[in-house]
Amino acid sequence: MQGKAVLFVALVALGCLGAPVQAQSRGGPGPFSDKTAASQVGWPAGSGSGLLDGNDHFHIVNSGPCAINEARLHKYASSLSASPNIMAVGGDHGKAVAECISGSCDSMPRITFDWDLQVEDTGMVAGGGKGPHPGRNNTNLTDNVERSWPRCERGLWRPIMPTTVHVSVFQNNVAFAAAGCLELQGMDLETQEWMYTASLPRSLTLQTPAGAKRKGGTLKPEFFGSRVALGNGLAVATAALDAPGNPPIVVVFTLLGASWEQVDVLECPFGDSAAGCACPAGESSPRSSCFGAAVAVHGSRLAVGNPGNGTVVLYEQASGTPLQWNAALTLTSTFDTLSASMFGASLSLGDTLLVVGAPSSGAGARAAMYNVVKGAEGYGSLVYDTVDRCCKLGLPCCISGLVGTATALAEYAEEAAAVVGDPRSAQVHVVRCNTTALRWGPATPEGGGGPICGPPPPGQ
């Protein structure tokens with residue numbers, strides 16, 4: 001993001017918060033507050049749901065003196081995204097929330113995406129067949145919450161109940177994705193209403209660009225939408241083919257006129273071996289070690305993580321028609337770690353930087369930042385590694401295993417700011433970079449001659 005940008009830091013699951021934290025928006029409680037959870041969203045409690053006071057999906061953890069149950073962290077805002085106007089929070093049990101966070105839309109209701117809600121035709125239930133469904137419960141939803149549900153019904157196949165809904169926000173639009181369905185909603189600032197845009201894909205048969213070297217095939221519905229990234233007229237979702245081994249892919253959608261269309265398929269470029277593209281046997285969605293474990297979008301570029309073989313591929317949109325994306329840069333982990341590293345498990349992409357999270361099961365976890373200014377002398381080069389500073393100063397992140405679990409990036413005219421989550425050390429690392437130096441080099445007068453990236457000065 002350039003100009004006015006929002007850097008959304010996921011404090012959820014980042015450990016030792018000194019006191020309970022609540023995210024508030026103008027005009028009412030935010031989706032993290034107890035009041036919102038109990039009386040606004042109104043999701044029902046149930047046996048085996050692990051809920052606190054009826055709901056703890058989006059409740060900020062107050063861990064006290066570092067006492068936190070890591071086995072339950074996935075319930076707390078496991079997917080987060082924001083723009084200057086919208087904050088979206090995804091979670092387990094097939095639910096997600098988006099709401100206004102600025103004065104331009106402070107009278108708008110929040111919107112909840114829920115696999116438990118019925119569709120507009122009362123005779124058809126999303127996720128099931130005709131007629132009422134015994135698991136549905138929307139009687140306790142209040143009027144100031146807009147309701148949305150998966151509409152991806154194709155033939156005899158309908159969405160199934162997912163474990164996690166992933167979210168992505170761009171400007172005034174939000175994408176909800178999980179278990180076979182990607183739904184797009186837009187915010188109408190004039191009417192202060194949410195506007196349904198599209199449900200994707202419309203077909204399980206993949207379209208490939210004419211002349212492109214793509215295998216294509218048919219989607220495996222339950223693997224579609226395990227990760228999602230939304231950009232300016234561009235959306236990508238992780239998926240898998242309905243073929244032996246369920247090869248991982250990333251599906252590309254673009255806005256053509258007034259219609260969202262599936263235009264390309266990014267296939268893993270490293271071969272079918274276990275060291276290349278094959279996913280571990282029995283790994284279900286989300287496939288955290290496969291091609292597409294993380295995706296990021298900025299402008300016309302896409303980044304795809306493949307932690308299984310420690311690579312990240314940056315794709316550029318080809319000129320002309322048909323619309324297609326080609327691999328422009330492949331980053332490969334060269335870091336020495338004491339345990340398996342998940343290089344590419346989280347990604348944040350901008351005009352000048354690509355931030356790659358590489359959590360691990362032990363020491364050596366990090367976030368690495370790369371120069372992705374096309375045509376620059378340092379294109380593709382490593383400009384910052386969190387381990388260097390952490391170990392030099394003897395910080396806990398030197399040996400923490402979860403550094404890089406989440407990343408965020410905001411870019412401005414002459415500066416970029418990256419945030420790296422480190423839940424095990426209960427820290428958030430902020431790194432600032434001189435974007436002028438990234439474009440022209442640190443030794444030039446424009447670059448200023450100093451280090452390209454580093455922590456902010458004390459007190460900032």
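Burial first: a residue is buried at under 20% relative accessible area, exposed at over 50% and partly exposed in between, using a 1.4 Å probe and protein chains only. This is a predicted model, where local features need pLDDT of at least 70, side-chain atom pairs count only at pLDDT 80 or more, and totals for chains, interfaces and linings use all residues. Residues are numbered from 1 along each chain as its sequence is written, and side-chain values use heavy atoms, with hydrogens and water left out.

**Exercise 1. Disulfides**

Work out how many disulfides the structure holds, then describe the link of C433 and C453.

Step 1. A disulfide is a pair of cysteine sulfur atoms within 2.5 Å. The structure has five of them.

Step 2. In the pair C433 and C453, the sulfur atoms sit 2.0 Å apart. The torsion about the S-S bond is about 115°, so this disulfide is right-handed.

Step 3. Now place the two ends. C433 is in strand β26 (residues 427-434) and C453 in strand β27 (residues 453-454), so the link joins distant parts of the chain, 20 residues apart. Strands here are DSSP runs of E with at least two residues, and helices are runs of H or I with at least four, numbered from the N terminus.

Step 4. Check burial. C433 has 3% relative accessibility, so it counts as buried; C453, at 10%, is buried too.

Now find what C152 and C181 tie together.

Step 1. Their sulfur atoms are 2.2 Å apart, and with 70° about the S-S bond the link is right-handed.

Step 2. C152 lies in the loop between β7 (145-148) and β8 (166-170), while C181 belongs to strand β10 (residues 181-188), so the pair ties together parts that are 29 residues apart in sequence. Both C152 and C181 are buried.

Step 3. For another case, take C391 and C398, joined S to S at 2.1 Å. This link is right-handed, with 95° about the S-S bond. C391 is partly exposed, because its relative accessible area is 34%.

**Exercise 2. Aromatic pairs**

Which kind of aromatic pair do F343 and Y370 form, and where does each residue lie?

Step 1. Rings of Phe, Tyr and Trp (its six-membered ring) pair if their centres lie within 6.5 Å; planes under 30 degrees apart are stacked, over 60 edge-to-face, and the rest tilted. The count comes to four aromatic pairs.

Step 2. F224 and F253 are buried.

Step 3. F343 and Y370 are 6.4 Å centre to centre with 90° between the planes, again an edge-to-face pair.

Step 4. F343 sits in the loop between β19 (325-332) and β20 (346-349), and Y370 in strand β22 (residues 366-371), so the pair ties together parts 27 residues apart in sequence. F343 counts as buried because its relative accessibility is 2%, and Y370 is buried at 6%.

**Exercise 3. A charge over two rings**

Find the rings that have R151 over their faces.

Step 1. The test is that NZ of Lys or CZ of Arg is within 6 Å of the ring centre and within 35 degrees of the ring normal.

Step 2. R151 lies over the face of W149, 4.7 Å from the ring centre. R151 also lies over the face of Y196, at 4.0 Å from the ring centre.
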